[in-house]
Amino acid sequence: MTQDNLMLLKNLGLSKFEYTEIKKRLNRAPNSLELYLFSAMWSEHCGYKHSKKYISLLPRKKSCFSSENSGGIRIGRHIIFFKTESHNHPSAVEPYQGAATGIGGILRDILAMNARPIALLNSLKFGPVEPGERCSKEAARRNQYLLNRVTEGISDYGNSTGVPNIGGETGFNDCFNLSPLVNVMAAGICHKNKVKTSKVKKNSYIVLIGSKTGRDGLFGAAFASKELENNSKDRLSVQIGDPYIKKNTIEATLEILKSKNVNSAQDLGAAGLLSSTSEMAAKGRVSMELYLENVPLREKNMQPYEIMLSESQERMIFGANKKGVEEIKKIAAKYELNASVIGKTAEGNTYNLYYNGKLEASLPINALTEPPYYDLYPSKPRTPNITKDFNKNFTPEEIKRMIFKFCAAPEFSSKNYIFSQYDSTVGVRTLQNPHSIGVAPLYLFEEKKTIGFSMDSNEEQCRINPYIGAYNLIFESYRNAVSSGFEPLGITNCLNFANPENSDIAYQFTQTTEGMKNALKTLKIPVVSGNVSFYNEGIDKNGSKIKIHPAPTIGTLSLLKFKTPIYSVIEPDNTVFLIGKKITNDTAAGGSIYQKIFFDDTEENLDTIDFRFEKKLKKAIFKLKQKNFLTGAIDVSKGGMLGALLILLFNSVKTCKKLGFKGIFPPDIKLLLGEITGRYLISTKNKDEVEKYLRKTKTPFEILGNSDTTGVLDLNFAKIRLKELNEIYQNAISEKI
């Protein structure tokens, strides 16, 4: 191998083993263009070479099209497609375009199934936005900048496409100081008989529509498959989006896919033309010929590898017969989009690239699209000793001050600064205030039913114990649905980790997938789609290595079981019940955000799930809703029992400005804010009937107190003006940035 080839291999991220494997599959040495092609398709981002063996074990039963661009769940005569994707690396170096094109990419995955996009959600993770023990002033300023630009990117792009952004989550942790996480989710709807896949037929023409191809996003797939290097050159790997062309592309694609003369569709995302066309051919088991001189370009002197690997946005590709080609061109012209025939398919298994009549590359398709899959070698990392006293006793006055600080902490406080920038109502499907409910509800006019979506993650629990953390996370998402009156149907996931080639990260990843698998099998719900994002780590300017904690993100689809949802609200003269596990000193509270806020660490004793107990609580909530006994409900998760009560109150003060609450609580911060599983708060005007039902069914409960119109939160050991606390909660993030 020449020195030039060795340097090219290094720059492309291919190992010597992989180069040897390529030669073995081709029975010859690849040329330089072919090396570029293999480097992209065998990257982690496209090939899943370190993860496929493990994520393939997740349950898929009851899902539809889970091997396609997006999987879904059938509801009546329609399929709801939904999927998550990560745009972590691009957002770290170019947050506005990174986040915006993340939205664009996930919409195209839905669109490629002939599904009209109906919802967007996002899960965002940043380092602290205020300086502290583990976050310098410079790092905090950078995190503030990233938060603002990511939010603007999602807002500007998403709002312009006409798709509502209905929910999600935002978290803060010092492990994200170098590598923020931008996980985006989209959902769409399609009649079950009108779904189109990426499986192209033989003797089809390959038609490209949308924006012209440039050098933006070049090597994006490879960039997302390596550690961040704090390199300004990485900006070349970030795509540039145009939401207005995206809107036209959405409408044009849906119109094109009505034609029986169009047999397949694929979006151009990671690795651009290369991944889309090679995957179409692989699924269709046909040969593919591409004529690169026919690709509309917006930059001069682009080389074949640049044309193939460009990740220019707002592009879709179709397989069609001759009549379909003319229909595509006509529709594209109507929406002022480019449309060009760039190739054709035939019988066989070869991927041929021509440029100005010259054959530049010729490869067996399976050799290109099936990388070598690696085993991971997990080893449980040594856990550092925790020396902090989490059981320290505080005086009532100290606890009162801690509650104010807790409501001001970005980890708990309202994220309205972020979600108020998103349009959640465009499209007229969104039900009232999607941010005051455990899941964001959407009405399906096509089926006269209401569905819900949510996104959840908990990197602290997954750091402490990846198996239990992931298992608990599935059930946290389950409880979000149950507390809103919804039945969970399926999930999508985005699995965010550092370098899996290191044994400690391999342990985190394998334990996480095992925990998810067992939780989903217990609940009998499938994974319909997903994404893995590795190498979320790097070296900062001071030479320090920063790795993210294991951060699986779960997006859940659920179905409303009643005429109206259960909102997380409370009215005056309501009684609040805690149902589920009782308040005891021996209950585990590890991984709590209150511990992170006040102790800058979290203890290792995680609470675990009892499924029979969970089913009992779900039955109680659904039965009480059926009897019209519930004003509102919320699951107890981040912020614990007091956090859940505060959210009920804060969600309701707009309708009753003098809302207050009086209860008898223990003056113990751990019991108030400990994140214990298997608990809900319910509010009701029918105290006696609810208590009678809970006693009859032997459902554990405690009465926390009653709401009133005093405007005071009376905890028995402390009194706080609710208006003052709410103002701190609502404005905490905006005041910090």
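Is E691 buried or exposed in this predicted model? With a relative accessible area of 15%, E691 is buried (buried means under 20% relative accessible area, exposed over 50% and partly exposed in between, using a 1.4 Å probe and protein chains only). The close-ups below start with that residue.

The model is predicted, so local features need pLDDT of at least 70 and side-chain atom pairs count only at pLDDT 80 or more, while totals for chains, interfaces and linings use all residues. Residues are numbered from 1 along each chain as its sequence is written, and side-chain values use heavy atoms, with hydrogens and water left out.

**View 1. E691 in helix α24.** Helix α24 covers residues 687-696 and holds E691 (helices are DSSP runs of H or I with at least four residues, strands are runs of E with at least two, and both are numbered from the N terminus). The side chains of E691 and R695 are joined by a polar contact of 2.8 Å (a pair of N or O atoms within 3.5 Å; within protein, one must be able to donate a hydrogen and the other to accept it, and residues adjacent in sequence count only if both atoms are side-chain atoms). Leaving aside neighbours within four places in sequence, E691 is in contact with F577, F701 and I703 (contact means heavy atoms within 4.5 Å).

**View 2. L694 and the largest nonpolar core.** This core has 48 residues, and those with the most contacts inside it are F509, I579, I621, I682 and L694 (a nonpolar core is a set of buried Ala, Val, Leu, Ile, Met, Phe, Trp, Tyr and Cys residues joined through side-chain atoms within 4.5 Å). A second, separate core of 46 residues includes F390, F406, L642 and V653. Beyond its neighbours within four places in sequence, L694 touches F577, I579, A620, L624, T699 and F701.

**View 3. N183 in strand β5.** Strand β5 (residues 181-191) is where to find N183, which counts as buried at 0% relative accessibility. Its side chain makes polar contacts with two others: the side chain of N88 at 3.3 Å and that of T553 at 3.1 Å. Once neighbours within four places in sequence are set aside, the contacts of N183 include E85, L121, M455 and C494.

**View 4. R315 in strand β9.** Look for R315 in strand β9, residues 315-320. R315 is buried yet has no salt bridge, and the nearest side chain of opposite charge, D216, is 7.5 Å away. (A salt bridge is a side-chain nitrogen of Lys or Arg within 4 Å of a carboxyl oxygen of Asp or Glu; Lys and Arg count as positive and Asp and Glu as negative, with His and the chain ends not counted.) What R315 does have is a polar contact of 2.6 Å between its side chain and that of T213.

**View 5. The two faces of helix α2.** Within α2 (residues 16-26), the buried residues are E18, Y19, E21, I22 and L26. They lie on the same side of α2 because they cover an arc of only 160° around the axis (taken from the directions from the helix axis to the C-beta atoms). Exposed K16 and K24 sit on the face turned away from that buried side. After α2 comes N27, with a positive phi near 60°.

**View 6. Two loop residues with positive phi.** D573, in the loop between β19 (551-560) and β20 (575-580), has a phi near 65° and is exposed, with a relative accessible area of 62%. N716 is in the loop between β25 (712-714) and β26 (719-721), and its phi is near 85°.
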